[in-house]
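Let us look at this structure together, one part after another. Keep the sequence and the 3D view at hand as you read.

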Amino acid sequence: MTITSGRPRPTISPERGSFWSVLRAEWTKFRTVRGWLIGVVVAAVLCVAFTFVVANGNHTGGCTGPPSPGSGPNSPGSNCYTGHPFVPTGPDGEAVADSYQLAEQPLTGDGTLTARVTALTGLISSGPANVAASLAHTRSQLVGWAKAGILLTSSIKQGSPYAAIMATGSHGTRFQYDYTHDQAGLTGAVTDPSPRWVRLTRTGDTLTGYDSANGTTWTQIGTAHLVGLPTTVKIGLFVTSPVSFQGSSSGVPTQATATFDHIALNGHAGSNDWQAHSIGTSSNDYYTTLGTGSYHRVGNTFVLSGSGDIAPAVNPLAGGNTASDSLWFGLIVALIVLIVVATMFITSEYRRGLIRTTFTATPQRGRVLAAKAVVIGAIAFVTGAIAAAVGVPLGLHILNTGGNYVFPANAVTKLQIIAGSGALLALTAVAVLALGTILRTSAIAITTGIIVFVLPYIISTYTPGSLGAWLFRVTPAAGFSVLGVLPRSALVNSAYTMGNDYYPLAPWAGLGVLCTYTAVALGFATLLLRRRDA
Amino acid sequence: MTEALRAEWTKLRTLTGTAWLLVGAVALTVGVSAAVAAATHQSAPGGDPTKLALAGVDLGQAVVVVLAVLAISEEYTTGMIRVSLSAVPRRLVLLAAKAANVAGLTLAVAILAVAGCLLVGRLILPGAGFDPAHGYTLVSITKSPTLRAAAGSVLYLVLIGLLALGVATAIRDAAVSIGSVLALLYLPPILAQAVSDPLRRHLQQIAPMSAGLAVQATTSLRSQPIAPWAGLGVLTGWAIASLLTGGALLRLRDA
């Protein structure tokens, strides 16, 4: 390839050597080498093409093993499934878990429900892993986020706005509302000598949770403003118990049983008739439950058993894809093409001796490198952003039509993926440009770049979790964290691993790690460029 | 042919980069194996100690690729190729001589690297719980599956070198060649992770790296996408195809 100037050489003017003219010179160099322009276009096209391939390669329908006799699709014990089970959507548009046992009454206008939780015990499935969980095979264990208390909700439809005050397995008393909000109260577990009193009050749209150790001195834990709450709501007692991931990467369902007494409902209640509901425990609901729950009442003592969770939906239980799921492989392909182009942007000058002409024209060597970095960085950013802007909607469309569940992604999330992809490509391109400046030959720069971004994914297949995740923390591959759009939830114990779409670093922290590498490489390259002969 | 062989050997031997690359290949292969072995715990189910011990080949092959690509593309960069072709006008003989040299050097490096990996596996893996007490046998070359994995890994590296040489002969430019070969090796296994069966299985059966490295498996052979020697056969096919393409282009094009 030859590097030729597309325009007549500008006459020597006072601003010669200024950053803008150097920038223009470097831009001219880039755009006049046809191979590089083709490379950039190929990078974007490959990214979108592989997004298409990966999205099509994911389909939810199918069988995970030989079908068990006498069971249809979606039935317990079957290895075959069609489509994706139902994942509720919460009031803020987020995916939620909403499976529990409820004993409720309608409440019109303001009111207060008080109860005492005297016992909270749990069961965990202990049957073989390949058999559907049932209450026939259990052992006694109460999980940390087992919940029992008072819940007020606008309706028993899954994903409805709610507020609840509850005793938990090991997180003390909690006031939670709308799936993501949480405030802590009394600590300690529910035991026979130390029961927990809980109270929930509605005043207009304001719900307030109180707890007490003795039923006389009450402490306010938190308040929630549920805008648009109807006049008549459901209020009652609830119990639920989430899937445990201790010692199991796929999760084991659990059930909790709570005993309530001293139940007092003040306000305009419908009757003294409590209605029991098992919410979100059918085979069509995504959440894996142990049994469907039960309700017994003896006088003013209520015993409820429930399984499920009222919390944000997380992987692997939800089994959902994210908006960036189809994109990451295409981005790696685009990265490799851009790594080659960015390295050649400097090494070809060394190979052809053009670098001496360049430095004669602009003796300020740092300025030349800065101009090259700006040019290649901007080109890489635009390439990544365009590829992601096309790839994300394309991937979402294919995944949705293929029957997959995709976690809801708002505009901010999509913007994070698009800008993040651009930044990932730009920072990498600048880093390998610096590496090319340091090494001058392309072979090592390209090999290093490719290994760093590709190997973590390969190594993580050998060593599940540990080493692979560590590489995504400390190597430049941490930059891929910008694709992590699924937030961890402190309210859910889950297997937050790479395989389940959880990167070990937060998006911008990961990009920060990559940025550090780029800055160090660029600094070292500038230093060497000044010290060495060209 | 003998002269051509000797000339190529002298060229390859006297390049300063070659020695570094050879040392680098051994060091990286053994180093990555040691790191993977040290970071592994037996709690990960279905472990294959021999395959774990040989994990460094994943990275070491990249250095072999660089070595093989530079063996020819460096000549195109400097214009040396015209001198070489004046001395050895039969171009396929020149390519054969280069292939023999790359194969020989890679073989030597691979034997050292694989031996180092097995040693590391023998020393470190028992500490990670891969010992007879947990139902694992120690990594030992005297067992026939381990011997197959070790010999297969050596052959794998040699074949990767030849594959890279063929691609570089066709592409000529070092940067684009290395990018292409590494992409061909590393991307299909990752793509296989991203898609589901049956596409995944087919990818693992035809991709040079996944198929070739099937030879490293010593346990649960039935669940492997392709049989050990059959997988190495697929990689041999890739290497032959790449050398044939490179050879044909070398004959047809001007240098």
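This is a predicted model: local features need pLDDT of at least 70, side-chain atom pairs count only at pLDDT 80 or more; totals for chains, interfaces and linings use all residues.

Residues are numbered from 1 along each chain as its sequence is written, and chains are lettered from A and ligands numbered from 1 in the order in which they are written.

**Where the chains meet**

Chain A brings 31 residues to the contact and chain B brings 30; two residues count as in contact if their C-beta atoms, placed from the backbone, lie within 7 Å. On the chain B side, two or more residues each come from α2 (16-39), α4 (57-78) and α8 (174-194) of chain B. Helices (H or I, at least four residues) and strands (E, at least two) are DSSP runs, numbered from the N terminus. With 14 residues, α8(B) gives the largest share of this side. The side of chain B that touches chain A has 24 nonpolar residues, five polar and one charged. Here Ala, Val, Leu, Ile, Met, Phe, Trp, Tyr, Cys and Pro are nonpolar, Asp, Glu, Lys and Arg are charged, and the others, Gly among them, are polar.

**Inside chain A**

Domain bounds come from an automatic or database domain assignment. For chain A this gives domain 1 (26-58 + 324-486 + 496-531) and domain 2 (96-312), and their C-alpha centres lie 47 Å apart.

Now for the strands, which pair if DSSP finds at least two bridges between them.

| Strand pair | Sense | Bridges |
|---|---|---|
| β4(A) (residues 100-125) and β14(A) (residues 254-269) | antiparallel | 14 bridges |
| β14(A) and β17(A) (residues 301-306) | antiparallel | five bridges |

Thr254(A) in β14(A) stands opposite Ile124(A), and Ala256(A) has Gly306(A) in β17(A) as its bridge partner.
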